[in-house]
Amino acid sequence: MTQRVNLCSVSLGVQGMTCGSCVQSIEQRIGSQPGVRQIKVSLEQKNATIIFDPSQQSPESLSEAIEDMGFESSLSETST
Amino acid sequence: MTKHEFEVAMTCEGCSGAVTRILNKVEGVTFEIDLPKKLVWIESEKDVEFLQKTLEKCGKEVKYNGTK
């Protein structure tokens with residue numbers, strides 16, 4: 001039996017990353033949060049695109065998780 | 001106040017900036033960061049375990065070097 005889950009995608013602005021190692025630690029840490037399916041962090045665009053399960057995460061909780069790591073994060077756009 | 005020395009795997013100003021912002025959110029903590037040496041000195045009454053957990057939030061490897 002497969003459960004149908006509607007996934008959401010959100011793009012969050014991330015300030016304060018300066019190198020590849022910052023990008024990597026964000027991808028690893030946020031990528032291991034429950035409900036996060038996929039994460040792509042761009043250093044050039046200073047943002048993170050995250051595909052997640054809305055029953056376990058919200059754009060706000062993800063943004064908080066990034067802030068918790070010591071980076072500034074802002075909600076920019078959400079699309080389903 | 002006890003001064004604790006931690007080794008944090010910081011590689012750039014972004015990393016040390018993240019550590020700075022994390023520690024700024026914690027009350028009752030004064031700290032110094034030496035990026036080239038990858039060292040963070042924290043003066044606080046809080047226990048080492050708490051400080052280590054806080055530093056680990058930035059997603060980097062943290063090693064406790066003892067008190068200074």
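## Basis

The model is predicted: local features need pLDDT of at least 70, side-chain atom pairs count only at pLDDT 80 or more, and totals for chains, interfaces and linings use all residues. Residues are numbered from 1 along each chain as its sequence is written, chains are lettered from A and ligands numbered from 1 in the order in which they are written, and side-chain values use heavy atoms, with hydrogens and water left out.

## Interface of chain B and chain A

Chain B gives 15 residues to the contact and chain A gives 14 residues, where contact means heavy atoms within 4.5 Å. About 1000 Å² is buried between the two chains, and carbon and sulfur atoms give 45% of that area. Buried area is the accessible area (1.4 Å probe) that two parts lose on being put together, summed over both.

One salt bridge is found across the interface. The term requires a side-chain nitrogen of Lys or Arg within 4 Å of a carboxyl oxygen of Asp or Glu. The side chains involved are those of A:Asp68 and B:Lys57, at 3.6 Å from N to O.

On the side of chain B that touches chain A, helix 1 (residues 13-24) of chain B supplies the largest share, seven residues. Helices (H or I, at least four residues) and strands (E, at least two) are DSSP runs, numbered from the N terminus. By type, this side of chain B has five nonpolar, four polar and six charged residues. Here Ala, Val, Leu, Ile, Met, Phe, Trp, Tyr, Cys and Pro count as nonpolar, Asp, Glu, Lys and Arg as charged, and the others, Gly among them, as polar.

## Aromatic pair

Over all chains, the structure holds one aromatic pair. B:Phe6 and B:Tyr64 form this tilted pair, at 4.9 Å centre to centre and with 45 degrees between the planes. Rings of Phe, Tyr and Trp (its six-membered ring) pair if their centres lie within 6.5 Å; planes under 30 degrees apart count as stacked, over 60 as edge-to-face and the rest as tilted.

B:Phe6 belongs to strand 1 (residues 2-8) of chain B and B:Tyr64 to strand 4 (residues 62-67) of chain B, so the pair ties together parts that are 58 residues apart in sequence. B:Phe6 is buried at 0% relative accessibility, and B:Tyr64 is partly exposed at 30%. Buried means under 20% relative accessible area, exposed over 50%, and partly exposed in between (1.4 Å probe, protein chains only).

## Positive phi in two lysines

A:Lys46, a residue other than glycine, has a positive phi near 50 degrees. A:Lys46 sits in the loop between strand 2 (36-42) and strand 3 of chain A and is partly exposed at 36% relative accessibility.

In chain B, B:Lys38 is not a glycine, yet its phi is positive, about 60 degrees. The loop between strand 2 (29-34) and strand 3 (39-44) of chain B holds B:Lys38, which is partly exposed with a relative accessible area of 33%.

## Two further residues of chain A

A:Asn47 is in strand 3 (residues 47-52) of chain A and is buried at 13% relative accessibility. Leaving out residues up to four places away in sequence, A:Asn47 touches several residues, among them A:Ser11, A:Leu12, A:Met17 and A:Lys40.

A:Arg4 is in the segment before strand 1 (8-15) of chain A and is exposed, with a relative accessible area of 74%. From A:Arg4 to A:Gln57 the separation is 53 residues in sequence and 16 Å in space, C-alpha to C-alpha.
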